[in-house]
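Here is a short tour for anyone opening this model for the first time. Keep the viewer at hand and follow along, one stop at a time.

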Amino acid sequence: MQNAKDSFYIALRTRLVAINPNRTILLRGTVRPGILVEDAEAPVSQLPNDVFVVRWLGLGVDEDLASAMAAEECEIVYQTCGTQSFGGLDRGRALSEMDEELMAIVQPFFTPKLNFSAQPPAAMLTQVFWDVPAFGPISRSAKVLVYSYQEQGE
Amino acid sequence: MSASSFPSPAPVVRRIRAYFAPVNRAAQAPVVFDPSQLWNLNLDSPPAPWMNLGWVQSFARKPIGKSASLLTGIPAATFEQVRESLGAQLSFQFLSWTKLTMALATGSQHMNVLAPASGAFAAADGGQAAPPATVQSGSTSTFVALASADAAKFAPGAIIAIDADYAGSMGYVGSPISGAYLRAPVADVDYIRRITFNVALVSQSSSTGLTLAEPLPGGAPAPGLKLQKVIGLVDREGGSFYQEWSGLFILQGSQGERIFFYYPRLQTVAGAEEIDAPLARNKSTLNRILLSAQFQALPVTDPLDGERVVCYRSFVPAPGALV
């Protein structure tokens with residue numbers, strides 16, 4: 001299941017870099033694409049603005065199939081205060097921009113599953129796939145169910 | 001099971017995509033879909049003559065062929081089965097309104113409403129049309145060469161229909177897509193442009209001709225064909241003409257597998273019908289109007305073994321999936 005979560009995150013991160021390389025975050029002294037996995041970073045009391053935070057919630061497993069299928073609920077949280085140059089009056093536009101970026105990075109709704117415990121990451125046999133996101137109220141959260149088949153050795 | 005394979009799960013799909021290609025009505029020749037050559041076709045850009053009609057929903061296949069038992073002995077028991085009738089029906093809803101989706105979702109011929117001539121009498125499918133312009137040499141499927149005076153009559157955003165003048169022919173008319181069947185000659189010289197599928201949107205107009213926003217279904221128009229401006233589209237409840245197309249429906253699975261449903265001959269079986277689909281589940285007062293399409297599958301004879309069939313279902317497994 002970790003491979004599916006890693007693959008999902010890396011797919012979104014790669015797509016975000018392609019469509020908006022300017023959305024970045026300075027994290028642990030390194031400038032990185034503006035998307036992070038909440039449970040892979042230090043705990044914080046307040047989420048950062050202008051970046052996508054991937055949060056893993058529930059888990060369901062269908063064991064009745066030839067390959068067990070895992071459904072992992074993912075919430076992607078984001079918020080913005082707008083820009084300083086407009087005194088924050090553009091926060092609605094900035095949030096719409098993030099909405100559009102999120103819709104763009106979740107498509108196509110699948111990505112090859114990779115094993116990131118190897119270097120370089122090793123391609124696995126199946127693909128990770130997910131449903132269309134369901135958007136919540138401002139500050140935004142978008143919930144996605146991410147599916148994957150369990151492979152040998154996982 | 002080795003590490004290079006995995007058990008094949010039931011395909012998980014989000015939606016289904018529809019493609020249609022015109023049956024040559026005069027020759028009764030459907031368009032062949034060969035899964036050995038087209039199994040990995042580009043879903044956004046299918047090879048001609050297949051036309052992409054986008055996503056469809058509520059796709060339902062219904063076999064209506066019947067088998068009967070041949071009984072022998074006392075007490076009688078089934079000795080073998082025989083196929084008494086062969087048939088299948090298909091229904092779905094289009095998620096777009098275009099010339100082609102409207103035509104496929106109506107049980108009769110589908111027509112273009114041509115821009116009227118000055119002082120034309122009123123007619124339910126459009127009055128006498130304004131005089132046509134003549135296509136010049138040098139046209140392509142996305143560019144129509146015209147004399148500069150003719151090109152000036154068509155602004156960007158106009159819809160045009162291109163085809164020949166009607167010259168008294170009977171039987172199936174319209175090429176390469178038959179749009180009607182005439183039992184007797186009609187008096188309207190613009191008749192073929194009324195029923196033609198050779199329509200497109202003008203994106204640019206210049207002194208040399210018109211650039212189109214989409215390729216013409218009939219390909220590059222020959223010099224001498226005529227074009228007229230189209231105001232809209234019209235179809236009728238009734239009439240004797242049935243649309244007939246080859247249909248291809250593709251489901252792309254989550255692991256890259258593909259299911260193909262290929263119907264060599266599909267005839268529209270019901271009149272025009274629309275479905276209201278609320279935009280939001282609960283309190284929305286807005287409805288999306290979907291075109292509802294129903295088809296009867298007609299048989300073809302498979303040259304492989306002479307069997308009569310109405311549909312082919314092909315499956316291309318996911319890479320690495322056990323078969």
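## A hairpin in chain B

Strands β12(B) and β13(B) make a hairpin, with two residues between them. Strand β12 of chain B covers residues 199–206, and its pairing with β13(B) is antiparallel, over four bridges. To find the pairing on screen, look for B:V202, which sits opposite B:L212 in β13(B). Bear in mind as you look that this is a predicted model.

Strand β13(B), residues 209–212, also pairs with strand β8 of chain B, residues 143–145. One place to look is B:A145, whose bridge partner in β13(B) is B:G209.

Next stop is strand β14 of chain B, which spans residues 226–235 and pairs antiparallel with strand β6 (residues 110–114) over five bridges. Look for B:H110 here: across from it in β14(B) is B:D235.

Strand β9 of chain B, residues 159–163, is joined to β14(B) by five bridges as well, again antiparallel. In this case B:I159 has B:V230 of β14(B) as its bridge partner. Then there is strand β7 of chain B, residues 133–134, with two bridges to β14(B) in the antiparallel sense. B:A133 is bridged to B:L227 in β14(B).

## Chain B as a whole

Stepping back, chain B has four helices and 21 strands. Its C-alpha trace spans about 80 × 55 × 50 Å along the principal axes. Of its 323 residues, 42% count as buried. Take the contacts in chain B between residues at least 6 apart in sequence: 70% of them link residues at least 24 apart.

As for the surface, chain B exposes about 16400 Å², and carbon and sulfur atoms account for 54% of that.

## Chain A as a whole

Now over to chain A, with its two helices and nine strands. Reading from the N terminus, the order is α-β-β-β-β-β-α-β-β-β-β. The C-alpha atoms fill a box of roughly 55 × 30 × 30 Å along the principal axes. How does the radius of gyration of chain A fit with that of a compact globule? It agrees, because a compact globule of 154 residues would have a radius near 15 Å and chain A has 16 Å.

Buried residues make up 45% of chain A. Among its contacts with a separation of 6 or more, 52% are between residues 24 or more positions apart. Chain A exposes about 8200 Å², with 55% of it supplied by carbon and sulfur atoms. It holds 12 positive and 19 negative charges, whose mean positions are 7 Å apart.

## A glycine in a loop of chain A

Is A:G34 buried or exposed? A:G34 counts as buried, because its relative accessibility is 0%. You'll find this glycine in the loop between β2 (30–33) and β3 (35–37) of chain A.

Leaving out residues up to four places away in sequence, A:G34 touches A:L16, A:R23, A:T24, A:I25, A:V51 and A:F52. For another sense of place, A:A11 is 23 residues away from A:G34 in sequence and 13 Å away in space, C-alpha to C-alpha.

Most residues other than glycine have a negative phi, and most peptide bonds are trans. A few spots here go the other way. In chain A, a cis peptide bond joins A:Q107 and A:P108, with omega about 0°. A:P108 lies in the loop between α2 (91–105) and β6 (110–115) of chain A. In chain B, the cis bond between B:I74 and B:P75 has an omega of about -5°, and B:P75 is in the loop between β3 (66–72) and β4 (77–85) of that chain.

Positive phi values turn up as well. A:R28 has a phi near 50°; this residue lies in the loop between β1 (24–27) and β2 of chain A and is exposed, with a relative accessible area of 65%. B:S58 has a phi near 55°, but this serine is found in a strand, β2 (residues 51–63) of chain B. At 48% relative accessible area, B:S58 is partly exposed.

Notes
Residues numbered from 1 in each chain as written. Chains lettered and ligands numbered in written order. Predicted model: local features only at pLDDT ≥ 70, side-chain atom pairs only at ≥ 80, totals over all residues. Heavy atoms only, no water. Pairing = 2+ DSSP bridges. Rg over C-alpha atoms; globule rule 2.2 N^0.38 Å. Buried < 20%, exposed > 50% of the residue type's maximum accessible area, 1.4 Å probe, protein only. Contact = heavy atoms within 4.5 Å. Areas by Shrake-Rupley, 256 points an atom, 1.4 Å probe, with all protein chains shown as cover. Lys, Arg positive; Asp, Glu negative; His and termini not counted. Charge placed at Lys NZ, Arg CZ, Asp CG, Glu CD.
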